Amino acid sequence: MNQVNISFKKGRTFCTLVLFFLFCMVSLPIVAQLPLSYYLPDDASYDPTIPTPESFLGYQVGEWHVSHDQLIQYMKVLAAASNRISIAEYARTFENRPLYLLTITSPDNLANIAQIQAEHLKLSDPEKSRSVDIQNMPVVVWMGYSVHGNEPSGSNASLLVAYHLAAAQGPEMEKTLRETVILLDPSINPDGLSRFASWVNSHKSKNVSADPYTREHDEAWPRGRTNHYWFDLNRDWMPVQLPESKGRLKQFHAWKPNVLTDHHEMGTNSTFFFQPGVPSRNHPLTPARTFELTQKIATFHAAALDQIGSLYYTEEDYDDFFYGKGSTFPDINGGIGILFEQASSRGHAQESIHGELTFPFTIRNQVATSFSTLKAAGAMKDELLAHQQNFYSSALTEAAADPVKAYIFGDVADKARVFHLAEILKLHQIDMFQPKEKVTINGVSHDPGHVYVVPASQPQYRLIKAMFEKRTSFQDSLFYDISAWTFPLAFNLTFEGLNAKSFNALRTSRVEDILFPAGEVIGGESSYAYAVEWDGYYAPRALDFLLAKNLRVSVATSPFTNAHGKRFNYGSILIPVANQPLQPQEIAALMQDIAAKDGIDVYAFQTGLGSESISLGSPSFENLRKPEIMLLIGDGINSYNAGEIWHLLDQRYDMNISLVSLESFNKINLSRYNTILMPDGNYGNITGGGKEKLRQWIGTGGVVVAMQKASRWLSDNNMGSLRFKKTEPDTTHNTANYADLDNIKGAQVIGGAIFQAALDLSHPLGYGYNQAQLPVFRSNTLFLERSKNAYADPLVYTDNPLLSGYISNENLEKLKNTAAITVSAIGSGRIISLTDNPAFRGFWYGTNKLLMNSIFFGPIIKRDASRK
C-alpha cells in the first residue's frame, strides 16, 4: 500500500475525507477502515517523515490483529525515524521472542538519559533523595500493554501511542516530552499475543461476524492469555519465576517509575474500568497517599472517556491487595499502578449488551487512557515525584518503629531452596547478610551457609514486610486474587522475625553475589556404591538423570548409616557400582556431574556395612523405575495447573514428559506410560471406554497423580473411594438480603491462603522432608474426609491449620483434620490424590517434592497403606 500521511487539523476539507474513505474502500475491501483521527487527537499535526502504522503494516490499526513480529518491527522503524525514541531488548521468552522497551522523551532528555535516570533513582534512596530538585526533573511513566495475550487492544493501541509520541508536533507535545520519560512496553506477553493473533486472524471472514458463537470467538485451549508454559504473567511481578518477568523487573528497578499503566481486557458485556479499585481491599502496607493520588489520576481518565462518549466505572470489582500484579506492584515500590480493563471484542467484532463491540473501539479507549495518563502525570508531576521521595524516607521511619528488626531464614539441609528465595530478594533490590557462625532459628541450629538475614531498616522495608509477614486479619473478606503469599512458607524454610537484641547479637557479612550452591562428592571415587540424600531440592533431577542412563538405583525405606556414622534418612538414594551398564569411572564422573549441577552432596561408600544400621543389600532398599510420564491437557483442564506441572518437570527437573490431550487419550494405547498426571479440571471429555482403559491400566501397575478436582472425578468414576464434605451453606431457614448475595458467596471462597498440615516423614510421599509440619497453599473448598486406614493419608491438615490468609470460620472448621493427600489402590497400581496445587505459580517450592515423590515413589507405596 502507498503511504498516506495525514495532518489531522480541524480545518480539513470534506473533499479530503471523501477521497480518504474512497481510497480505503478500494485498497482494502475486507473491512471498512477508520482514519487515524478516530484514535488520535483531532487537533494534532504530525511529522510526515515518521511512518504511520498503516504505511508500515499495510492495513489500518484495528482491521487485523497485529502479530508480535509486526509490532516490534514497527517500533524499530519508529525508533530509527525519530530522535525522541530509543529501543532496547530486555528479555527473551521461552519461545525465543524478544521483549523490547522503548524510552520516549525529548531529544535533549534522550541525549542525557543516563544522568536523568541516575538523578531519578536518588528519590528511592533516603540518604540522597532530599538533595534532588523535584521541580526540574521529569516524571517517569511506564506503559505496559497486553500482559494477557488474548487481551490485544493494549498492544494494538501501543502502535498508535508510540506513533503519536514520535510524530505529534506542537508546544503541548514538546512540554510533555520535556517533562516526562515514557517507558513503553508494547507487548509484555509476546508468546500469548502471537498465539491469539494467529487464531483470530486465521478465522476472520471478509464479512466480519459479531456472533459470539462464531469460531473466531471460540479460542482453542489453552488460549492466548498465558505465556509458553501457560503462566499468567500478571501474577509474576513479585515471584519473578519467568524470563519475561525477570527482564522486566530489572528494567523496572532501573527506573522505578512514578506511574505504571497495565492495559487489560474483561468480559464483552462490560464497559471500561480504571483504578482505584474497591477502597476496602487495598493492602494495608500501601500508604493512603497512594490511593489518593490514584483517585486524582482517575479524574483525567474520566474526562478523556467522557470526551469520546465511552462508558466506564471505577472503585468496584478490582482491588490493590496482591503485590504480584502489575497494577499493584508499583504501589509497594513508591509508584502508582493503574489497571485498565476494557470490554473485549475477543476478535474483530462481537455482540454485547451495549451494542456491537468492535476491535477499533476497544483500541481507542486504551489509546485515550494512555494519553490521559500522560496528561495526569504532567499535571501532577511534582506530587508524584514527592510521593516517591516520601515513600522511601517514610519506610525507614516505619521500620524504626517496627519491633521486628530483621528476618532470618534458612534450611538445615537444602541450600537450593534457600538460594532461590535469596535470588528473588536480590532481584527486588533487597539487601541481605549472612551470619559468620552457626545460628538458631526457631530452636533449630543452622549452618551459616544455609542462612540469610534481611534487615528491616532499608528502603524496601514495606516490600520485605509484605513478603515475610503472616497476616490473618483483613478489612474485607473478598479478594480479587490470593490473600497470602508468605515467601519463607512458600519455600518451606525455617524463619523468624528478630527483635533488636537478637538482631544486634548477630555477626554478619553483606551478601554481594548469590551463587548457586554446588555440592561435592565426599569420600572420593568408589568401586562399591554411592548415596545421595533426598532432601536437596534438585535430588529428583539427579535421580531422573541417573535413571535415564539406565543405572540401577534404589531408595531407602529405612534410615541407614555409613561406616563413619553419618545418618541417611528415609528416601536416600543408593547407586551401586557393580552390575551396572557403565564402568566405575563413568559412574564416578556422573556423580561429579550431579553434585555440581544439582547442588547436592554425593557420598562414596567403600563397604555395605553401616554403623549400627541396615546394610546396603537390605530389602529395605526398593528398586526404582524411570517414570514414563503422560501429562493430560486440553479442554476442561485448568491450563494454569497443567502449565505449572509442565514447567516444573521440563524446566526445573529436566525431565521428558508427553503432553496428551483428552481427545487423544481416548484413542491411544497407554502401555508406553507408567505415570499419568491429572491436573485440576473437568475430565468429562474422557469417554466411557477411556475410563475403563484407565482403570485397567492402573490395575496393572500404573500410577495416577491427581490434583484437586481431578481427584473428585476419579472417585466419582469408581477410581478411588473418596468422600468430600458438603460446602454449600444452608440458607433454607435464614433470612437474607438480596443485595448481600455476592458478598456472602464471595466470603466463602478460598482465593488463596496458607495452611499447616502434618506430614508422615516415614511415608514415601514424605521422603526428603525434615519437619513434620508443612505449609500448604490452598485455593479451593475441596475438603477430603479422612480414610479409615490412617496409613492412606500421609498429609493431614492440623486442628489449627491457618498460617496466613483469609478463610471463613465455616470453611476453617471444615478444613480441620481433613486429608491433603490420600492414596488409593486398584490392583497393583496407585492413585495419589492431592487436594491442593503442589506447584502453585512456580514459586511454591516447598511442596514441589510432594509431586516428585508421587512420581518416583508412588509405585513402592504398600497396598496396605491405601484406600481400597
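The model is predicted, so local features need pLDDT of at least 70 and side-chain atom pairs count only at pLDDT 80 or more, while totals for chains, interfaces and linings use all residues. Residues are numbered from 1 along each chain as its sequence is written, and side-chain values use heavy atoms, without hydrogens and water.

**Cavities**

- There are 4 cavities of 30 Å³ or more, a cavity being a set of points on a 1 Å grid over the protein atoms alone where a 1.4 Å probe fits but cannot get out.
- The largest cavity has a volume of about 90 Å³.
- Residues lining the largest cavity include E533, W534, D535, N569 and Y570; a lining residue has an atom within 4 Å of a point.
- The lining of the largest cavity comprises 5 nonpolar, 5 polar and 2 charged residues.

**Cis peptide bonds**

- Most peptide bonds are trans.
- The bond from W221 to P222 is cis, with omega near 5°, and P222 lies in the loop between α8 (190-202) and α9 (243-255).
- The bond from Q275 to P276 is also cis, with omega near 20°; P276 lies in the loop between β6 (272-274) and α10 (288-308).

**Positive phi angles**

- Most residues other than glycine have a negative phi.
- V240, in the loop between α8 and α9, has a positive phi of about 40°.
- N718, in the loop between α22 (709-716) and α23 (741-746), has a positive phi of about 60°.
- N718 is exposed (over 50%), at 62% relative accessibility.

Definitions and conventions: 1 Å grid on protein atoms, 1.4 Å probe; cavity = no way out; pocket = protein on both sides within 12 Å on 5 of 7 lines; lining within 4 Å. Points joined across faces, edges and corners; volume = space filled by probe spheres on them. Nonpolar A, V, L, I, M, F, W, Y, C, P; charged D, E, K, R; others polar. Helix = DSSP H or I, 4+ residues; strand = E, 2+ residues; numbered from the N terminus. Buried < 20%, exposed > 50% of the residue type's maximum accessible area, 1.4 Å probe, protein only.
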